[in-house]
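I am opening a notebook on this structure and will write down what I looked up, entry by entry.

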Amino acid sequence: MNTNTNPTPSSPPDSKAASGDKASASIALGWLHTARFLTTAPQLHFLPALDVPEIAFVGRSNAGKSTCINTLTQQKQLAFASKKPGRTQHINLFALGKQGVTDAVLTDLPGYGYAAVPKQDKIRWQQVMANYLVTRENLTGIVLMCDPRHGLTELDEILLDIIRPRVQEGLKFLIVLTKSDKLTRSEATKILSITKLQAGGGEVMLFSATKRRGIDEVAQLLWKWAHPQGAAAPAPTEPDPPQ
Ligand SMILES: Nc1nc2c(ncn2[C@@H]2O[C@H](COP(=O)(O)OP(=O)(O)O)[C@@H](O)[C@H]2O)c(=O)[nH]1
Ligand SMILES: [Mg+2]
């Protein structure tokens, strides 16, 4: 049996790897918990120019983006989770970093595809988002939230086309399949492999805020994106340096 086919990413088979994973997951989650509101802007040119790594969260309205951000940061109200999709119309920036020293920024981009938003507003927001994704200089990674019961929609595909050139140049990319608690095990396995084919060089992870699945894995990946040199935290898989 190949243990790699296990669709539940939170149960690594090897106990040594598991303890290393636990340590780095707790570093990553501690770091994400430092998230604090930085600024909000209705358009790209109002955003401050920054030189720390920036990770953007994007996705259709109702995909579970706010819930995912709140879960990762372990803060109930950081991103506004709403039963009325389409209401978050600003780009919101959150600073991350211990001791108040910002070493990365999370960006919550407005959800797209909500039917009740007037067409002009939709077009304007698609332009703001495309502009951001193409031109934001310190953008290091993009996390695309997708409700796996709907799969990647036309607007998600447009977004993938927009970011493809930057992904080819090294921009990190992750598709988070949210609400995975709504899927059976075999549905989860299937949608995971289909989405991996569509991800064009990006990673894909199953996630559930309610069942608390995939949290450690996503947190660790974001930490790595923001700390490519492994700064300020021991790499748990490395042997101890000689005394
Ligand atoms: N079952 C389940 N529902 C979720 C999960 N994450 C979000 N939701 C629900 O999906 C809806 C949309 O979530 P929200 O975070 O506001 O989505 P956003 O519009 O993408 O920010 C809300 O009713 C959430 O309670 C999850 O992991 N499991
Ligand atoms: Mg939201």
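Entry one, strand pairing. I began with S1 and S3, which pair in the antiparallel sense over 5 bridges, and I noted that Arg36 stands opposite Ala95 in S3. I keep in mind throughout that this is a predicted model. On going to the next pair, I found strand S3 (residues 91–96) and strand S4 (residues 104–108) joined in the antiparallel sense, again over 5 bridges. Ala95 turned up here too, standing opposite Val105 in S4, while Leu93 has Thr107 of S4 as its bridge partner.

Entry two, the whole sheet. In what order do the strands of the open sheet lie? I read the order as S1-S3-S4-S2-S5-S6-S7, an open sheet of 7 strands with mixed pairing. Strand S1 (36–41) and strand S7 (203–206) stand at the edges and have a single partner strand each, so one side of each is left without a neighbour in the sheet. Neighbouring strands of this sheet are turned against each other by 25° on average, with direction ignored.

I counted 6 helices and 7 strands in the protein chain, and from the N terminus on they run α-β-β-α-β-β-α-β-α-β-α-β-α. I then asked which strands the helices lie across, and took two of them. Helix H4 (residues 154–168) lies across strand S2 (54–59), strand S5 (139–146) and strand S6 (172–177), and runs at about 160° to S5. Helix H5 (residues 185–198) lies across S6 and S7, running at about 165° to S7.

In the loop between S2 and H2 I found Asn62, which counts as buried because 20 other C-beta atoms lie within 10 Å, the cut-off for a buried residue being 20 or more. Asn62 and Tyr112 are 50 residues apart in sequence, yet their C-alpha atoms are 9.1 Å apart in space.

The largest nonpolar core has 53 residues, of which Val176, Leu177 and Leu222 touch the most other members. Helix H6 (residues 215–226) gives the most to this core, with 7 residues. Leaving out residues up to four places away in sequence, I found that Val176 touches Cys68, Val143, Met145, Cys146, Met205, Phe207 and Val218.

Of the 243 residues of the protein chain, 35% count as buried. Among contacts with a separation of 6 or more, 75% come from residues 24 or more positions apart.

The mean pLDDT of the protein chain is 86, and 84% of its residues reach 70 or more. Over residues 1–12, however, the pLDDT is below 50, and beyond near neighbours in sequence this stretch has 19 contacts in the model.

Technical notes: Residues numbered from 1 in each chain as written. Chains lettered and ligands numbered in written order. Predicted model: local features only at pLDDT ≥ 70, side-chain atom pairs only at ≥ 80, totals over all residues. Pairing = 2+ DSSP bridges. Helix = DSSP H or I, 4+ residues; strand = E, 2+ residues; numbered from the N terminus. Axes fitted to C-alpha atoms, helices over the stretch in contact; angles between N-to-C directions. Contact = placed C-beta atoms within 7 Å. pLDDT = per-residue confidence, 0-100. Core = buried A, V, L, I, M, F, W, Y, C linked by C-beta atoms within 7 Å. Buried ≥ 20, exposed ≤ 12 C-beta atoms within 10 Å, placed from the backbone.
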